[in-house]
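Hello,

Here is the structure I promised to pass on. Please have a look at it first, and my notes follow below.

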Amino acid sequence: MSNPDLNPPNSKPDPEHKKPLNTNNIDEEEDEGDENDLEDDEGEDDGVFGEPNRPKPQTRDAQYRSDKLKMDSLLQRMQSGPVSLRVHDVIIKGNTKTKDHVIEAETEELKSVRSMQELLKASQLVNLRLQALEVFDSVKITLDSGPPELPGTANVIIEVVETASPLSGQIGAYTKAEARSSTVEGSLKYKNLFGYGDLWDGSLAYGCDHSAELSTGMYLPRFTGLATPVTARAYLLSQDWLKFSSYKERSLGLSLGLFSTTHHDVSYNLAWRILTDPSQMSSRSVRRQLGHNLLSSCKYTFKFDRRNSSMRPTRGYAFVSTTQIGGLAPDTRSLRFLRQEFDLRYAVPLGFYRAALNFGISGGVVFPWGNGFLSRPSSLPERFFLGGNISPVCALGGPTALWGFKTRGLGPTEPKRQVNDENADPSGVDFLGGDLAVTALADISFDLPFRWFREKGIHAHVFACAGNVAKLTENEYRNFSVQKFVGSLRSSVGVGLVVPTSLFRMELNYCYILKKFEHDRAKTGVWLTFSGAS
């Protein structure tokens, strides 16, 4: 197979050897006629005697050396400076069901390139974007020389193979920060139903804390000319918080993704929510919030993640800010609140055994809005609860977890209602969460001096964390002080072994509780945590 003829853009291409350029994940076209022509010419020479000698075509080795010289020449030019080039045409092949405009929308950057270097980078980016649509089994991009009358131009040929099996399913175990517990999830997905790159899915999830979620959704990469994808999801959610806060939560709702780019995301959520207490033992603060309410909220998320890994960050930084406003409906039962969260992470390599220091700080605040908001309580499900079976290293997004503390294991509490039952726990309390939450962590990870562990990615870490939640609503802000808040920080330290997998990060840790209070649910000992990528 001969290499492509890489004529400099300003030179006139040879029409007899016009072949495409090749780049990463980009195939070259073969001129299948060359080899056949050569064989035919050789066949004609056989048996011809006394005919004057004619110039013979180049041998394969000679052609290879010629193409190699041209390739080396072009590479040298590319290393010395930009090689002027522009795209003449983008040709799409292989899509029988997918609309052309869906593919064209992902190739806009190709038309603005001005050099060979820019074209190679843009082609790789387009290849990744088309594969990310999940509707193609393969994507091949070929760079061909442009028309002979337009030197310095190139044609981009995009060949796609649409998925042969549009229906797919998966099942797995995951740990989500918002759930603070492990769940088993199963889902079915149908790809490209209408040819717009649309994805339709249905899923069922069940958690170890008796939570369950049934949902169905769709994803459109391009909709009526919008520059960003559109998502919609309907869900039925049930969460059991009886063990921690004496209530169950059921929600029926619809979530819409309105705007989404690399760093920005805007979504709207409309849900009818019911809080109940089957045990009839909830505290007074919880009983006041039982019943029906309407959640109509808009959420904006800014995310900037430059870490080299979300499972084991060894260098880089990340920042996430989430702003949510509720009460966007003219209904008296609509929850009115403002919620703000942030999370900042930074990882620094230490230079030995792939050791790295990863530290971060996160915080959040929530409060109602409207007349007399300072004297009103915030919505119970929107408050901050710390603790859970997840690793703070992976929980990027806001204050969530602390090593060594159980789910909803710290913060303001209130005694449950006393009943005449000998089996009832007289010391039972409800964890009420807080309107203000702050957490901080420091984690040093390093490789173990065993080759097998290093090959599997298994490593060790030592860590420390601290955090606290406080109540500000119902005029409690008058009793708040920074000194009191810092003085009541809960904290823990420990050491552990980390086993990363393709789906989650497993930690086997020994945690030592440095500081906790009377009703906090924390223990010194061995902990096993499972965390998904943030």
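In which strand does Val 462 lie? The answer is strand 18, residues 459-470; helices (H or I, at least four residues) and strands (E, at least two) are DSSP runs, numbered from the N terminus. Val 462 is partly exposed, at 34% relative accessible area, where buried means under 20%, exposed over 50% and partly exposed in between (1.4 Å probe, protein chains only).

A word on the basis of these notes: this is a predicted model, in which local features need pLDDT of at least 70 and side-chain atom pairs count only at pLDDT 80 or more, while totals for chains, interfaces and linings use all residues. Residues are numbered from 1 along each chain as its sequence is written, and side-chain values use heavy atoms, with hydrogens and water left out.

Val 462 also belongs to a nonpolar patch on the surface, together with Leu 350, Phe 352, Tyr 353, Ile 444, Val 495, Leu 508, Tyr 510, Tyr 512, Leu 514, Val 526 and Leu 528. Their accessible area together is about 1100 Å², by the Shrake-Rupley method with a 1.4 Å probe, where for residues only the protein chains shown count as cover. Patches take residues with over 30% relative accessible area and no salt bridge, joining like charges within 9 Å and nonpolar side chains (Val, Leu, Ile, Met, Phe, Trp, Tyr) within 5 Å. Strand 20 gives the most to this patch, four residues, and strands 20 and 21 each supply at least two.

Now to the charged side chains. The whole structure has 14 salt bridges, each a side-chain nitrogen of Lys or Arg within 4 Å of a carboxyl oxygen of Asp or Glu.

One of them pairs Arg 273 with Glu 249, with 3.7 Å between the closest N and O atoms. This pair links distant parts of the chain, since Arg 273 is in strand 10 (residues 264-276) and Glu 249 in strand 9 (residues 248-260), 24 residues apart. Arg 273 counts as buried because its relative accessibility is 5%, and Glu 249 is buried too, at 6%.

Asp 520 and Arg 490 form another salt bridge, at 2.7 Å from N to O. Asp 520 sits in the loop between strand 20 (505-515) and strand 21 (525-531) and Arg 490 in strand 19 (residues 490-500), so the pair ties together parts 30 residues apart in sequence. Both residues are buried.

By contrast, Arg 451 and Glu 455, bridged at 3.0 Å (N to O), are exposed, at 60% and 53% respectively. Both lie in helix 7 (residues 451-456), four residues apart, about one turn of the helix.

Best wishes
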